[in-house]
Amino acid sequence: MVNLLTIGECSSRCFQNTQTLIFNLSSLPSVREVIIAELQTKAEEFGRLIQGELEALLKSAHTIKKGEELPSPITTKFSLPTSNQARLLRILKILENIYMTTLPGRSSTAPEGSNADDKVAAIYERLHFATLWKKLSDCLKAVEDRPDATHVATFLLPLMESLMVVCKSTATQSQSAANKTLRASASPRSPTIDRESSGGVFVTFTDRHRKVLNLMVRNKPSLMNGSFSLLVQNPRVLDFDNKRNYFVHKLRHRSRTERERESYPTIAMNVRRKKVFEDSFQSISRLKDKDLKYGKLNIRFSGEEGVDAGGVTREWFRILAREIFNPNYALFAPCGADRLTYQPNPASWINPDHLRYFKFVGRILGKAIYDQRLLDGHFARSVYRQLLGKPVNYRDLEWSDPPYYNGLRWMLDNPVGSMDLTFSEQNDQVCFAIFLYLNF
């Protein structure tokens, strides 16, 4: 059965049928160990063969001139469907899923369930592919500045996918530990982690080949739907446009189908230019969440002729964004660092409807994100962290209140035991209440 995966081209139908047969038989523990042992043997065999091919590719990349193409006899070994890297990828995918896949009519192929990730990781660690990944990294580094870098990276894609498959079971845990170290040190440098583990190899490889990986994802966004989705575990790697495309895809994937969206009525809104905020608030507040999310906006400004083909809605978002940050509503206040980014105004309570207004602003932001509309407004880092459910710490004050942050930073870096310091706080609400009491 394992030979069926490695002899010849192995069509998708042959792969699926062989995979199903292996999964059915692997429900028997004794049989599963035999199959895993055979898969490991084949994986190690193809790993050694690919190392030799990579050495020839690396030697050729160093000898030919920059404008010349790599010799076809060398590149052909990687580009054919019968290439060793394609065979290795098929074997690793079977190894990855042998503990994970749930068969029809069964709760799980693996009764150990929660230990599946650890078992798969242990199998991959026994393959000792560190040298193979280093050869792959050296080849990509040698060609990334060449005009045909995209072409070379493309025919090495199956091997890069193999690396992602091997790292998948441990990259999440390693990156979580790395992020904790990064937050603790407050340093932009990559944290120190075990580079020999598969999780460490993943971080090292993706950091080193950030340019090539972004180029491939940009040329073929569908890669992020497969094994390349692991790149989101290292947020430093992906460029903003690739992150945005991945986010939009996931957002659409979680949403209803376009046909279901068409069943929601169009949201027709008639607003006055001078009262855009108030009129929009009244209209949006009456809508249910799903109606607002899936309904198509159709905006009309009172007293103006025209059909909204997208331009009027775009203008409405622009004007409304300007009104959201209007100081007269006391909803947001500019940050002290640049006066261009905004944070919630601590005095917003002076407006009796401020909580309803904040909810309205949140729904507008959600609609803009879902419909991919631009809003002319920027929030402080602490606001984005709270929206993402991440903890806010004193470092976020550097953007909101630089003098206060500098004072806290100084006290952390200097001894203050002999300075006889006290702390006091001014509460605007209490001051306002005392003022009312004394005057009325």
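Is Met1 buried, partly exposed or exposed, and what is its relative accessibility? Met1 counts as partly exposed, at 40% relative accessibility; here buried means under 20% relative accessible area, exposed means over 50%, and partly exposed lies in between (1.4 Å probe, protein chains only). Please keep in mind that this is a predicted model, in which local features need pLDDT of at least 70 and side-chain atom pairs count only at pLDDT 80 or more, while totals for chains, interfaces and linings use all residues. Residues are numbered from 1 along each chain as its sequence is written, and side-chain values use heavy atoms, with hydrogens and water left out.

**View 1. The whole protein, as a starting point.**
Welcome to the overview. The protein has 21 helices and four strands, which are DSSP runs numbered from the N terminus (helices: H or I, at least four residues; strands: E, at least two). Of its 440 residues, 40% are buried. The accessible surface comes to about 25600 Å², and carbon and sulfur atoms account for 55% of that; such areas come from the Shrake-Rupley method with a 1.4 Å probe, and for residues only the protein chains shown count as cover. Among contacts (heavy atoms within 4.5 Å) between residues at least 6 apart in sequence, 69% join residues at least 24 apart.

Met1 sits in the segment before helix H1 (2–6). Together with Leu21 and Leu25, Met1 forms a nonpolar patch on the surface, with about 230 Å² of accessible area in total. Patches are made of residues with over 30% relative accessible area and no salt bridge; like charges are joined within 9 Å, and nonpolar side chains (Val, Leu, Ile, Met, Phe, Trp, Tyr) within 5 Å.

**View 2. Glu96 meets Lys168.**
A salt bridge (a side-chain nitrogen of Lys or Arg within 4 Å of a carboxyl oxygen of Asp or Glu) is found 18 times by this rule. In one of them, the closest N and O atoms of Glu96 and Lys168 are 3.2 Å apart. Glu96 belongs to helix H5 (residues 84–97) and Lys168 to helix H9 (residues 157–185), so the pair ties together parts that are 72 residues apart in sequence. Glu96 is buried at 13% relative accessible area, whereas Lys168 is partly exposed at 48%.

**View 3. Arg208 meets Asp138.**
Here the closest N and O atoms of the salt bridge are 3.3 Å apart. Arg208 lies in helix H10 (residues 198–208) and Asp138 in helix H7 (residues 130–143), so this pair links parts that are 70 residues apart in sequence. Arg208 is partly exposed, with a relative accessible area of 36%, while Asp138 is buried at 19%.

**View 4. Further salt bridges.**
Lys367 and Asp371 meet through their side chains in a salt bridge (3.2 Å, N to O), and Lys367 is buried with a relative accessible area of 3%.

**View 5. Ser400 and its surroundings.**
Ser400 lies in helix H19 (residues 397–400) and is buried, at 11% relative accessibility. Its side chain makes a polar contact with the side chain of Gln343 (3.1 Å); a polar contact is a pair of N or O atoms within 3.5 Å, where within protein one must be able to donate a hydrogen and the other to accept it, and residues adjacent in sequence count only if both atoms are side-chain atoms. Leaving aside residues up to four places away in sequence, Ser400 touches Cys335, Gly336, Gln343, Ala380 and Ser382. Cys335 is buried, with a relative accessible area of 0%.
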